[in-house]
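Hi everyone, thanks for coming along. Have a look at the screen with me, and I'll walk you through what we have.

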Amino acid sequence: MKVSIVGTGYVGLVSGTCLAHTGHTVTCVDIDTAKVDAINHAKAPIYEEGLDELLEKNVGCRLQATTDLEAAVLDSDLTMIAVGTPFNGDEIDLTFIRQAAQQIGEALAKKDSWHMVVVKSTVVPGTTEDVVLPLVEQGSGKKAGADFGVGMNPEFLREGNAIEDFMNPDRIVLGGIDQRSLEALQALYAGFPNVDILQTSPRTAEMIKYTANALLATMISFSNEIGNLCAATGNVDVAEVVKGVHLDKRLSPILEDGNRITPAFTTYIEAGCGFGGSCFPKDVKALSAYGSKLNQPMPLLDAVITTNNAQPMKMMEMLRAHHADLAGKTVSLLGLAFKPGSDDVRESPAIPILDALLAAGAKVKVYDPIVKSLPGRPFGTDQLRSSDSLAEAVADSDAVLLTTRWAEFEALPDLLSACSNPPLVVDGRRMLDKSDFARYAGIGLG
Ligand code: UGA
């Protein structure tokens, strides 16, 4: 199948590269010439595990990038919309979706054969049928259903695991306005014969995507609330509490041989310094705003955000309990990415923590294995420095704040064991063993 994809963010580029790898001929479209050039040189403009290798294998044969949306649409059977859908403070911002739909419509005005238009971006229910479909009709002068198909196919990719998630999906959700649209979507995923496919309407597909993310985000805020209560109670460690909860056979089923399955889901029921990234915060806010628009308030989801916004400052509270005055103190901040395996700092809990440290007059040494700069916060000043290694970052520090679960940070006990005056370690991910440190504080432990 010939596929064009509008938007080469992490969803569009990963989808495009993986679809090319399964045998389709794919053209990625972006207005950013630097991104287009990078892709055509088999260089990913973002960091994503395995993406460069897969680009290398497919660029030049089944995969290319262009800024020419019209040519890409005309030379394909199916166009996927994978542009950004930010939250603008009040609701989901559909500007890029509208632009893409309009331009695809205008291109389709010049095409004689039937074409399939699919929304991949995360959009609130109704967007595909009530916004995209009419704009494509308007631009093309054609009729949805008769001249072109319309569908919604949400993505379930985790940053850092996106290639693995795409190539080994747990589900494929296909929302189509009619049978022909659904058949076109099935053909797109013909390379995944043994996967559970759910065929439904675009509206339901849109709702599935939001519900999936809202559930995971809710689990995290729930666990963080319990963790905060454990810390306030004293002598109760949320890690132990969660262990006891995880042993519920409905959460970790017991097999016939007595062994247990530990579903990946259970990690979302662990306390930490909060969720970030480009998905959970924006999706939960967008879903709640969508509810309000329909006179259906979502107080639970609002609380998920409120709890999450407050969570990074729990790290500061723990730090201040040991160092009331942070002025002139040297603090190491370990981890800037919102999660390990990613260079994405969007909504990362590390950012408000960094800002609070700077505001309190601390001298901050940051270290992240991948992120080496932060927009608006220049490194290299007396107050804010970036370290080249973990060892350099923690040397001569008064306190070490761990905000991202990078595996490399497991070396901390060894690194700090030689210190005559070991720093306080504040573990925002509860990834280290408290007994390995002279001075340790952790989320849900206090
Ligand atoms: C999330 C979903 O997991 C994907 O299924 C979905 O497709 C994607 O959003 C999306 O909508 O595009 P992602 O944001 O990449 O994926 O990352 P997650 O690994 O789910 O983590 C999200 C946030 O929750 C991170 O800040 C992470 O640190 C935090 N988190 C994650 C926890 O606090 N605890 C956990 O156990 C897992």
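Let me begin with how residues are sorted into classes: Ala, Val, Leu, Ile, Met, Phe, Trp, Tyr, Cys and Pro count as nonpolar, Asp, Glu, Lys and Arg as charged, and the others, Gly among them, as polar. Next, a word on the source: this is a predicted model, where local features need pLDDT of at least 70 and side-chain atom pairs count only at pLDDT 80 or more, while totals for chains, interfaces and linings use all residues. Residues are numbered from 1 along each chain as its sequence is written, and side-chain values use heavy atoms, with hydrogens and water left out.

Now to the pockets. On a 1 Å grid over the protein atoms alone, a pocket is an open set of points where a 1.4 Å probe fits, with protein on both sides within 12 Å along at least five of seven lines; its lining residues have an atom within 4 Å of a point. Grid points are joined across faces, edges and corners, and a volume is the space filled by probe spheres set on the points.

The largest pocket has a volume of about 1400 Å³. Its lining contains 23 nonpolar, 15 polar and 12 charged residues. In total 50 residues line the largest pocket, and R158, L216, Y268, F280 and K339 are the ones nearest its centre.

I'll be naming helices and strands: these are DSSP runs, helices being H or I with at least four residues and strands E with at least two, numbered from the N terminus. Which helix gives the largest share of the lining of the largest pocket? That is α9, with seven residues. At least two lining residues each come from α7, β7 (172-176) and α9 (202-233). And where does the largest pocket lie? Domain 1 (2-200) and domain 2 (201-446) both give residues to its lining, so the largest pocket lies between them. Those domain bounds come from an automatic or database domain assignment.

The second largest pocket has a volume of about 1000 Å³. Its lining is made of 45 residues, with G9, A82, V83, G84 and T85 nearest the centre. By class, that is 17 nonpolar, 13 polar and 15 charged residues. Here α1 (10-21), α5 (95-108) and α11 (280-293) each supply at least two lining residues. The second largest pocket also takes lining residues from both domain 1 and domain 2, so it lies between them.

While we're on α11, that helix holds P281. Is P281 buried or exposed? P281 has 3% relative accessibility, so it counts as buried; the cut-offs are under 20% relative accessible area for buried, over 50% for exposed and partly exposed in between, using a 1.4 Å probe and protein chains only. P281 and T8 are 273 residues apart along the chain, and their C-alpha atoms are separated by 21 Å.

On to the aromatic rings. Rings of Phe, Tyr and Trp (its six-membered ring) pair if their centres lie within 6.5 Å; planes under 30 degrees apart count as stacked, over 60 as edge-to-face and the rest as tilted. By this rule the count comes to seven aromatic pairs. One of them is F166 with F192, an edge-to-face pair at 6.0 Å centre to centre, with 70 degrees between the planes. F166 sits in helix α7 (residues 162-167) and F192 in the loop between α8 (179-188) and β8 (197-200), so this pair ties together parts that are 26 residues apart in sequence. Both F166 and F192 are buried. A stacked pair is formed by F437 and Y440, at 5.9 Å centre to centre and with 25 degrees between the planes. F437 and Y440 are buried too.

To finish, a few loops. N235 lies in the loop between α9 and α10 (238-246). Its phi is near 60 degrees, a positive value in a residue other than glycine. N235 is exposed, with a relative accessible area of 86%. E347, in the loop between β9 (330-334) and α14 (350-359), is not a glycine either and has a positive phi of about 55 degrees. E347 is partly exposed, at 45% relative accessible area.

That's my tour; happy to take questions.
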